[in-house]
Amino acid sequence: MIEKILANLEKSNCATDNIFLQAVSEVLTSLEPIVKSDPRYEQYAILERLVSPDRIIQFKIQWLDDNNTININNGYRIQFNNALGPYKGGLRFHPSVTTGVLKFLAFEQIFKNSLTGLPIGGAKGGSDFDPKGKSDFEIMKFCHAFMRELHSYIGARVDVPAGDIGVGSREIGYLFGEYKHITHNYDGVLSGKPYAFGGSLMRPQATGYGVVYFAREMLKEELQESLEGKVCTVSGAGNVALHTIEKLQQLGAIVVTCSDSDGTVYDSNGINLSLLRQLKDEGKRHSLEEYIQQIPTAQYTKKADYPKDAHAVWQYPCFAAFPCATQNELTLNDAQKLIENGCVAVVEGANMPTLPDAIEWLQREGVLFSPGKASNAGGVAVSEFEMSQNASMEKWDFDKVDRKLDELMRQIYKRVALTAKEYGVERNFVDGANIAAFKRVAEAMLLEGV
Ligand code: NDP
């Protein structure tokens with residue numbers, strides 16, 4: 001049955017949707033044991049319905065840059081599945097954005113959101129707009145133009161977008177401002193808002209901190225190990241990477257790398273986080289080369305000087321690796337190098353950063369591997385906390401959100417590990433996550449009917 005669904009999907013999707021097919025194939029393969037165990041899934045065509053988005057909204061965004069030149073970009077919102085609650089998932093502004101990329105991200109989001117145990121469905125959106133080199137005014141004008149097209153499709157009980165690559169609290173602020181302007185509605189229609197008007201404390205930190213809480217729990221339960229004093233490698237230098245590095249350092253780990261689209265920094269003394277923030281925090285886009293100008297003992301490797309199927313950031317010895325930049329950034333070559341250098345755990349902060357053959361290799365060699373849909377779910381969880389605070393007009397303090405996040409990440413780990421055990425694939429957290437997430441969504445779909 002699963003082969004037939006994948007073959008049909010391949011026929012009905014175009015070649016640029018490869019990454020979506022990669023994500024669906026990984027999930028459906030995992031689901032084989034559970035699908036066989038309950039005939040209702042086939043009878044009610046749950047898998048066929050699950051792999052097809054509810055709707056794909058595409059629009060044109062027209063905006064004026066600082067020279068008053070007209071610019072045109074494509075905008076999208078993919079509302080994939082709302083069996084468990086309102087559609088929920090980030091907006092990505094990056095030139096690589098296509099419907100294929102967003103379908104993959106929205107599909108993964110259904111499972112991630114289900115794993116949190118919270119009442120949220122799966123969606124994703126964004127634009128091929130490139131924020132790099134744009135002035136603050138241009139970002140504002142683009143966000144306003146984007147919201148003019150999007151506003152009629154979203155709502156606090158309908159679809160609640162958040163941030164992702166290229167969309168931080170500044171962009172969410174501009175998007176919210178325009179939404180309010182058009183609709184006269186002051187409700188929680190977006191999450192990741194600045195704290196000054198409805199944002200939750202800890203939302204900026206949530207994904208990265210959650211990744212580390214998950215890693216801490218997994219290492220403790222599986223290997224009776226802690227992160228204290230351990231060398232870790234992190235890729236990326238954006239929101240998720242910065243907060244993963246911050247929490248790892250707070251727990252006593254020594255983080256020796258970070259990276260961006262152009263290159264990698266290796267600092268054997270541990271990444272200087274305040275310097276990194278000066279270069280990259282809050283949408284700043286300085287080159288990482290400036291890091292070694294300030295700390296000459298560190299090394300910088302240009303991406304262009306590196307082979308295509310390997311990444312400098314994974315060539316350094318580490319106890320645990322945290323890919324936190326983007327999809328498909330950890331290849332089979334990288335996985336083999338990590339193992340050769342003694343890495344015991346790979347914990348995904350980004351969405352699908354590890355290629356399928358690399359995952360297989362890591363698992364076969366006994367490396368603990370956590371898929372992003374489990375380990376990076378802290379971001380969307382705190383987004384849901386923000387929705388709760390907005391709906392009840394409450395403001396929770398930092399410690400309360402932090403405690404709830406820590407507890408939720410532990411629960412996700414337990415849910416994933418126990419499910420893997422129950423279905424005879426102990427320590428396979430990919431299968432455990434997919435099966436546990438699927439069960440909840442499928443049950444809701446069965447109860448709601450066609
Ligand atoms: P940011 O835009 O803040 O940062 C992305 C980082 O990745 C930047 O340092 C960027 O470098 C780097 N990067 C992007 N493309 C590449 C590439 N092709 N090669 C190497 N580096 C690259 O995004 P986030 O930190 O928010 O998101 C990172 C990942 O985490 C994404 O996969 C996202 O979907 C996922 N995620 C994010 C959540 C959130 O709450 N923000 C929640 C859950 C998952 P440069 O600036 O040079 O492009």
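**Close-ups of a predicted model**

**View 1. Five strands line up in an open sheet.** The open sheet has five strands in the order S7-S6-S11-S12-S13, paired in parallel. Strands S7 (254-255) and S13 (368-370) stand at the edges with a single partner strand each, so one side of each has no neighbour in the sheet. Here strands (E, at least two residues) and helices (H or I, at least four) are DSSP runs, numbered from the N terminus, and two strands pair if DSSP finds at least two bridges between them. This is a predicted model, so local features need pLDDT of at least 70 and side-chain atom pairs count only at pLDDT 80 or more, while totals for chains, interfaces and linings use all residues. Residues are numbered from 1 along each chain as its sequence is written, and side-chain values use heavy atoms, leaving out hydrogens and water.

**View 2. Strand S11 is covered on both faces.** In S11 (residues 320-323), Ala320 and Phe322 on one side and Ala321 and Pro323 on the other are all buried, that is, under 20% relative accessible area with a 1.4 Å probe and protein chains only (exposed is over 50%, partly exposed in between). Four bridges link S11 in parallel to strand S6 (residues 231-235), where Cys232 stands opposite Ala320. Two bridges join S11 to S12, also running parallel, and there Ala321 stands opposite Val346.

View 3. Three bridges hold S12 (residues 345-347) and S13 in a parallel pair. Val346 has Phe369 as its bridge partner in S13.

View 4. Others in the lining include Glu26, Glu108, Met352 and Lys373. About 60 Å³ of space lies inside, and a search of the whole structure turns up one cavity of 30 Å³ or more. On a 1 Å grid over the protein atoms alone, a cavity is a set of points where a 1.4 Å probe fits but cannot get out; a pocket is an open set with protein on both sides within 12 Å along at least five of seven lines; lining residues have an atom within 4 Å of a point. Grid points are joined across faces, edges and corners, and a volume is the space filled by probe spheres set on them.

**View 5. Helix H15 gives the most to the lining of the second largest pocket.** This pocket holds about 460 Å³ of space. Of its 21 lining residues, Gly188, Met387, Gln389, Asn390 and Ala391 are the closest to its centre. Helix H15 (residues 378-392) supplies six residues to the lining.
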